[in-house]
Amino acid sequence: MEDKVVRKLFLGFIHIHILHHAKEQPIFGLWMLEELQEHGYNISAGTLYPILHSMEADGLLHREDKNIEGKIRKYYSITDKGSEILDEARKKAYELFNEIKE
(Lines give C-alpha, C1' and ligand atoms only; values in the text may rest on other atoms or scores of the structure.)
Protein backbone atom coordinates (compact mmCIF):
# COMPACT_ATOMS: atom_id res chain seq x y z
CA MET A 1 0.00 0.00 0.00
CA GLU A 2 2.83 2.40 0.81
CA ASP A 3 4.27 2.03 -2.70
CA LYS A 4 0.85 2.88 -4.15
CA VAL A 5 0.67 6.11 -2.14
CA VAL A 6 4.20 7.14 -3.12
CA ARG A 7 3.46 6.34 -6.77
CA LYS A 8 0.37 8.57 -6.72
CA LEU A 9 2.37 11.40 -5.14
CA PHE A 10 5.21 11.17 -7.64
CA LEU A 11 2.80 11.02 -10.58
CA GLY A 12 2.21 14.75 -10.17
CA PHE A 13 5.96 15.38 -10.18
CA ILE A 14 6.25 13.37 -13.39
CA HIS A 15 3.58 15.53 -15.07
CA ILE A 16 5.45 18.69 -14.06
CA HIS A 17 8.74 17.23 -15.27
CA ILE A 18 7.18 16.42 -18.66
CA LEU A 19 5.76 19.94 -19.01
CA HIS A 20 9.12 21.46 -18.06
CA HIS A 21 11.01 19.58 -20.77
CA ALA A 22 8.26 20.01 -23.38
CA LYS A 23 8.59 23.76 -22.84
CA GLU A 24 12.34 23.65 -23.48
CA GLN A 25 12.07 21.60 -26.69
CA PRO A 26 9.84 18.97 -28.31
CA ILE A 27 10.20 15.64 -26.50
CA PHE A 28 9.50 12.03 -27.47
CA GLY A 29 8.59 9.10 -25.28
CA LEU A 30 11.85 7.15 -25.12
CA TRP A 31 13.90 10.27 -24.40
CA MET A 32 11.46 11.31 -21.66
CA LEU A 33 11.52 7.82 -20.17
CA GLU A 34 15.33 7.93 -19.95
CA GLU A 35 15.25 11.48 -18.53
CA LEU A 36 12.81 10.47 -15.81
CA GLN A 37 14.90 7.40 -14.97
CA GLU A 38 17.96 9.65 -14.54
CA HIS A 39 16.00 11.45 -11.83
CA GLY A 40 14.98 8.26 -10.03
CA TYR A 41 11.50 7.78 -11.50
CA ASN A 42 11.40 4.09 -12.33
CA ILE A 43 8.43 3.95 -14.68
CA SER A 44 7.78 1.83 -17.73
CA ALA A 45 6.76 2.83 -21.25
CA GLY A 46 3.37 1.33 -20.40
CA THR A 47 2.99 4.00 -17.73
CA LEU A 48 4.58 6.94 -19.59
CA TYR A 49 2.71 6.72 -22.89
CA PRO A 50 -0.77 6.86 -21.34
CA ILE A 51 0.40 9.90 -19.35
CA LEU A 52 1.55 11.63 -22.55
CA HIS A 53 -1.72 10.74 -24.30
CA SER A 54 -3.83 12.05 -21.42
CA MET A 55 -1.81 15.26 -21.24
CA GLU A 56 -2.41 15.71 -24.96
CA ALA A 57 -6.14 15.02 -24.52
CA ASP A 58 -6.22 17.58 -21.68
CA GLY A 59 -4.73 20.22 -23.98
CA LEU A 60 -1.40 20.46 -22.13
CA LEU A 61 0.72 18.99 -24.93
CA HIS A 62 0.56 19.13 -28.72
CA ARG A 63 1.74 16.08 -30.69
CA GLU A 64 3.50 16.15 -34.03
CA ASP A 65 4.30 12.90 -35.82
CA LYS A 66 7.63 12.82 -37.67
CA ASN A 67 9.13 10.15 -39.88
CA ILE A 68 12.55 9.31 -38.45
CA GLU A 69 14.48 6.71 -40.45
CA GLY A 70 11.27 5.08 -41.64
CA LYS A 71 9.56 5.05 -38.25
CA ILE A 72 6.93 7.46 -36.98
CA ARG A 73 8.06 9.22 -33.81
CA LYS A 74 5.60 11.29 -31.79
CA TYR A 75 7.05 14.59 -30.58
CA TYR A 76 5.27 16.53 -27.85
CA SER A 77 5.47 20.29 -27.29
CA ILE A 78 3.83 22.31 -24.55
CA THR A 79 0.67 24.28 -25.38
CA ASP A 80 -0.30 27.68 -24.02
CA LYS A 81 -2.54 25.94 -21.50
CA GLY A 82 0.33 23.64 -20.53
CA SER A 83 2.60 26.67 -20.00
CA GLU A 84 0.02 28.28 -17.73
CA ILE A 85 -0.32 25.06 -15.72
CA LEU A 86 3.48 24.74 -15.50
CA ASP A 87 3.83 28.31 -14.25
CA GLU A 88 1.20 27.70 -11.57
CA ALA A 89 2.80 24.37 -10.60
CA ARG A 90 6.18 26.07 -10.23
CA LYS A 91 4.68 28.66 -7.88
CA LYS A 92 2.96 25.99 -5.80
CA ALA A 93 6.07 23.77 -5.70
CA TYR A 94 8.25 26.71 -4.64
CA GLU A 95 5.80 27.65 -1.90
CA LEU A 96 5.59 24.05 -0.68
CA PHE A 97 9.37 23.60 -0.76
CA ASN A 98 9.84 26.73 1.35
CA GLU A 99 7.31 25.44 3.83
CA ILE A 100 8.65 21.90 4.25
CA LYS A 101 12.43 22.41 3.98
CA GLU A 102 14.35 21.96 7.17
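In what order do the 3 strands of the open sheet come, and is the pairing parallel or antiparallel? I read the order as β1-β3-β2, with antiparallel pairing; two strands pair if DSSP finds at least two bridges between them. Helices (H or I, at least four residues) and strands (E, at least two) are DSSP runs, numbered from the N terminus.

Ground rules for myself: this is a predicted model, where local features need pLDDT of at least 70 and side-chain atom pairs count only at pLDDT 80 or more, while totals for chains, interfaces and linings use all residues. Residues are numbered from 1 along each chain as its sequence is written, and side-chain values use heavy atoms, with hydrogens and water left out.

Between β2 and β3, which run antiparallel, I get 8 bridges. One bridge I looked up pairs L61 with I78 in β3. α3 packs on this sheet and touches β1, β2 and β3; contact means heavy atoms within 4.5 Å. Its direction makes about 125° with that of β2 (axes are lines fitted to C-alpha atoms, for helices over the stretch in contact, and angles run from 0 to 180 degrees between N-to-C directions).

**α3.** Which residues of α3 are buried? I list L48, I51, L52 and M55 (buried is under 20% relative accessible area, exposed over 50%, partly exposed in between, with a 1.4 Å probe and protein chains only).

**Core.** The largest nonpolar core has 19 residues, and I18, L48 and L61 touch the most other members. Such a core is a set of buried Ala, Val, Leu, Ile, Met, Phe, Trp, Tyr and Cys residues joined through side-chain atoms within 4.5 Å. α1 (2–24), α2 (29–38), α3 (45–57) and β3 (71–78) each give two or more residues to it. Leaving aside neighbours within four places in sequence, I see I18 in contact with I27, M32, L48, I51, L52, M55 and L61.

**Phi check.** Just after α3, G59 has a positive phi of about 80°. E69, not a glycine, also has a positive phi, near 50°. I place E69 in the loop between β2 (61–68) and β3, where E69 is exposed at 83% relative accessible area.
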